[in-house]
Amino acid sequence: MKITEIKIRQLSMRMKSPFSTSFGTLQDKQFLILEAKDASGISGWGEGVAFEIPWYTEETVKTSWHMLEDFLIPLVLNKDIQHPDEISDMFKVIRQNKMAKATLECAVWDLYAKKTKQSLSNALGGAKKKIEVGISIGIQPTIDQLLQCIENYISAGYKRMKVKIKPGKDIDVIQAIRAKFPEVPLMVDANSAYTLDDIELLKKLDEYNLMMIEQPLASDDIIDHAKLQKHLKTPICLDESICSYEDARTAIELGSCGIINIKFGRVGGLTEAKRIHDLCQQHNIQVWCGGMLESGIGRAHNVALTTLENFVLPGDTAGSSHYWDQDIISPEVHVENGYISVPESFGIGYEPNIELMDQLTVSQKVYR
Ligand code: OSB
Ligand code: MG
């Protein structure tokens, strides 16, 4: 396989409603879509999951484009590639910048799956025909509004509720949810809003039968999470802290978590995501697929990744219509009763809607 042309576009897409976490609020999404074409004209598609502002990781839409244009695309263009696993090795000469790398690597995976006439799920080694999904609910203005959201998502069939917390919006919120929904599968995500000084507060979360507490401490910490886990019955799930296989190995050896949230963008692509999945499986660490408020292209990669065996907990891959008035793929990602049926057609299994993408594109460039 030889990639002879790559097109990057920056899209601007407004989410149906703003999404708030402990680090900020997002509604107008800027992100990159990358199309990698081979000489026969087949296209593979990838989505950049970096935000405009570096509040989740240090990367941004601009740094991603810079890395792709000046370093990553030149490493791949017109080179002979047998398998997408080679891409992460080719990228080793460039440090970090995992989201930029994943944008291109995911497109190569899609292209490879299409060229070898199989679904991306199949190419990755996944076997599930349908995947189980939950929903991530941003911080709401009032507890009543949050309870209403949860009621709606339970009726829609979502398999677990993830609620964002931050100091001042934590114990009271969870207590109110448990009072109204004593049995609903529930977890919290703090996006690094606490420190070990908050240990007494975090210990109180043990009383609410939570599936897990996601990323309570610093985004680059692995040691304090291990200390905290010793004081908690509820498993800690790491998100921001796990940017590589090595991070996962460290966290597992130190006992920093019982669960890992895998995002292809945060770890540099699908090959690394698979390696982390396999490592966790060997060590009885459960994994699930996180989300970055993706459009349909990134969402499709999440669907395929989740078909691997050790993705045993519902992920954050909600349906397209939860986020967007109209998604850029056809058909859209559809959730029924908490399940997504995994497409069986070649590659990502959803057709990019070029006409709509053209309307949403704010800038683009072709590399040959
Ligand atoms: O921490 O998982 C997170 C969204 C943006 C940045 C970080 C996170 C999230 C979510 C939403 O929780 C996941 C989604 O619905 O795509
Ligand atoms: Mg998270």
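These legends describe close-up views of a predicted model. Local features need pLDDT of at least 70, side-chain atom pairs count only at pLDDT 80 or more, and totals for chains, interfaces and linings use all residues. Residues are numbered from 1 along each chain as its sequence is written, chains are lettered from A and ligands numbered from 1 in the order written, and side-chain values use heavy atoms, without hydrogens or water.

**View 1. The shell around ligand 1.** 17 residues surround ligand 1, each with a heavy atom within 4 Å of it. The closest are Ser 136, Lys 164, Asn 191, Leu 293 and Tyr 323. The shell divides into 7 nonpolar, 3 polar and 7 charged residues. Here Ala, Val, Leu, Ile, Met, Phe, Trp, Tyr, Cys and Pro count as nonpolar, Asp, Glu, Lys and Arg as charged, and the others, Gly among them, as polar.

View 2. An N or O atom in the Ser 136 side chain lies 2.9 Å from a ligand 1 oxygen. For Asp 189, a polar side-chain atom is 2.9 Å from an oxygen of ligand 1. For Asn 191, the distance to a ligand 1 oxygen is 2.8 Å. The protein covers 99% of the 390 Å² of accessible area that ligand 1 has on its own (Shrake-Rupley method, 1.4 Å probe).

**View 3. The magnesium ion (ligand 2).** Asp 189 (OD), Glu 214 (OE) and Asp 239 (OD) coordinate the ion at 2.1 to 2.3 Å. Donors are N, O and S atoms within 2.8 Å of the metal (3.2 Å for Na, K and Ca); water is not among the atoms, so sites may look incomplete. The donor spacing in sequence is D-x24-E-x24-D. Asp 189 lies in strand S7 (residues 186–189) and Glu 214 in strand S8 (residues 213–214), so the pair ties together parts 25 residues apart in sequence. Strands are DSSP E runs of at least two residues; helices are H or I runs of at least four.

**View 4. Two backbone details.** A cis peptide bond joins Ser 330 and Pro 331, with omega about -10°. Pro 331 is in the loop between strands S12 (329–330) and S13 (339–341). Asn 209, a residue other than glycine, has a positive phi near 50°. Asn 209 lies in the loop between helix H7 (199–204) and S8.

How values were computed: Polar contact = N/O pair within 3.5 Å; in protein donor to acceptor, adjacent residues only side chain to side chain.
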